[in-house]
Amino acid sequence: MSSLETNSLREITVNHPLWNHHFLTRCRTGNLSLPDVQVLAVQMYRFSKEFNRILARILSCCSDEAAQLVILDNLLDEMGQGDLSQSHPELFRRFTRTLGIDDSTLAALPTAPETRALIETYLRLPFQYGYLAALGAVCYASEGIVNSLYTQLYKGILGSTPLPKESLIFFEVHIDVDDSHAAKLAAVIESHLNNYDENIDMQIKQAILEAMDARLQFFNGIERQIYEQSRCNNKYLEHDRVSLSYAI
């Protein structure tokens, strides 16, 4: 696989409309409130918790032993290398607890349709396009964008409310580590495309695009929930004002 072909895969993510999303603009300008971050956190947790299943789904479809090892290494990192207190879902729960969302509440809150669609997109990719295309989506549309995406989210979160550093370790780990995951996955993909196959190339590109599109819809869902929550709060405030005026 030539550097030109590799760049063409990266360009799908770099040039995607996701980066112009209004919610990410608000993050970059530090214009999030605590309730906004709480909405984001619940839905991010839903996807993060399912990422192990996404990797396992790809692993179950993969016949190449070298690729299996890379996927397994990634999966073990997600699971804290066998220490569940350091697993990525648990690291994320440290964050949500600090936001005032206890574990039972977090488990009971619903998964938004847009978040479910993002999860289901990743879960179906290995069956629809094959394990190599699914790895392409994880490599370029997930691990490969995490540094940039989570840096922006991190800035928005820090601007919303003071938080202890230890509650943000989930973001710090992903910003620091996922570039390494992306590089290992890219090497697997490149090794299979040295003998260029236009059909496989198109499948990988399609999988990356669908994953990026689903991620954009995820943030549409975040903004929808924030808007609905704001409307609900305003409705209650208006009701209280009317009740107060009658009492006076």
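A residue counts as buried when its relative accessible area is under 20%, as exposed when that area is over 50%, and as partly exposed in between. By this criterion cysteine 139, with a relative accessible area of 2%, is buried. The model discussed here is predicted.

**Overall architecture**

The protein contains 10 helices and zero strands. Along the sequence, the pattern therefore reads α-α-α-α-α-α-α-α-α-α. Of the 248 residues in the protein, 48% are buried. Among contacts with a separation of 6 or more, 81% are accounted for by residues 24 or more positions apart.

**Accessibility of selected residues**

| Residue | Relative accessibility | Class |
|---|---|---|
| Cysteine 139 | 2% | buried |
| Isoleucine 157 | 0% | buried |
| Glutamate 90 | 16% | buried |
| Cysteine 232 | 35% | partly exposed |

Glutamate 90 counts as buried because its value of 16% falls under the 20% cut-off. With regard to cysteine pairing, a search of the whole structure finds zero disulfides.

**Packing of α3 against α8**

Two packed helices are described by the angle between their axes and the distance between the axes. For helix α3 (residues 34-61) and α8, the axes come within 12 Å and cross at roughly 160°. Because this angle is over 145 degrees, α3 is roughly antiparallel to α8. The crossing in which α3 passes α8 is left-handed. On the α3 side, the contact is made by Leu34, Val37, Leu40, Met44, Phe51, Ile54, Leu55, Ile58 and Cys61. The α8 side contributes Tyr131, Ala134, Leu135, Val138, Ser142, Glu143, Tyr150, Leu153, Ile157 and Ser160. By class, the residues of this contact comprise 16 nonpolar, two polar and one charged.

**Isoleucine 157 in α8**

Isoleucine 157 belongs to helix α8 (residues 131-160) and takes part in the contact with α3. Its relative accessibility of 0% is under 20%, so isoleucine 157 is buried. Apart from neighbours within four places in sequence, isoleucine 157 contacts Leu32, Val37, Leu40, Phe95, Leu163, Leu168 and Phe171. Two of these partners, Val37 and Leu40, are also listed among the α3 residues that meet α8. Isoleucine 157 and arginine 28 are separated by 129 residues in sequence, while their C-alpha atoms are 9.9 Å apart in space.

**Glutamate 90 in α5**

Glutamate 90 is located in helix α5 (residues 88-98). When neighbours within four places in sequence are set aside, glutamate 90 is in contact with Leu84, Ser85 and Arg97.

Methods:
Residues are numbered from 1 along each chain as its sequence is written. This is a predicted model: local features need pLDDT of at least 70, side-chain atom pairs count only at pLDDT 80 or more; totals for chains, interfaces and linings use all residues. Side-chain values use heavy atoms; hydrogens and water are left out. Helices (H or I, at least four residues) and strands (E, at least two) are DSSP runs, numbered from the N terminus. Buried means under 20% relative accessible area, exposed over 50%, partly exposed in between (1.4 Å probe, protein chains only). Contact means heavy atoms within 4.5 Å. Axes are lines fitted to C-alpha atoms, for helices over the stretch in contact, and angles run from 0 to 180 degrees between N-to-C directions. Angles under 35 degrees count as roughly parallel, over 145 as roughly antiparallel, 65 to 115 as roughly perpendicular and the rest as oblique. A crossing is left-handed if the near helix is turned anticlockwise from the far one by less than a right angle, and right-handed if clockwise. Ala, Val, Leu, Ile, Met, Phe, Trp, Tyr, Cys and Pro count as nonpolar, Asp, Glu, Lys and Arg as charged, and the others, Gly among them, as polar. A disulfide is a pair of cysteine sulfur atoms within 2.5 Å.
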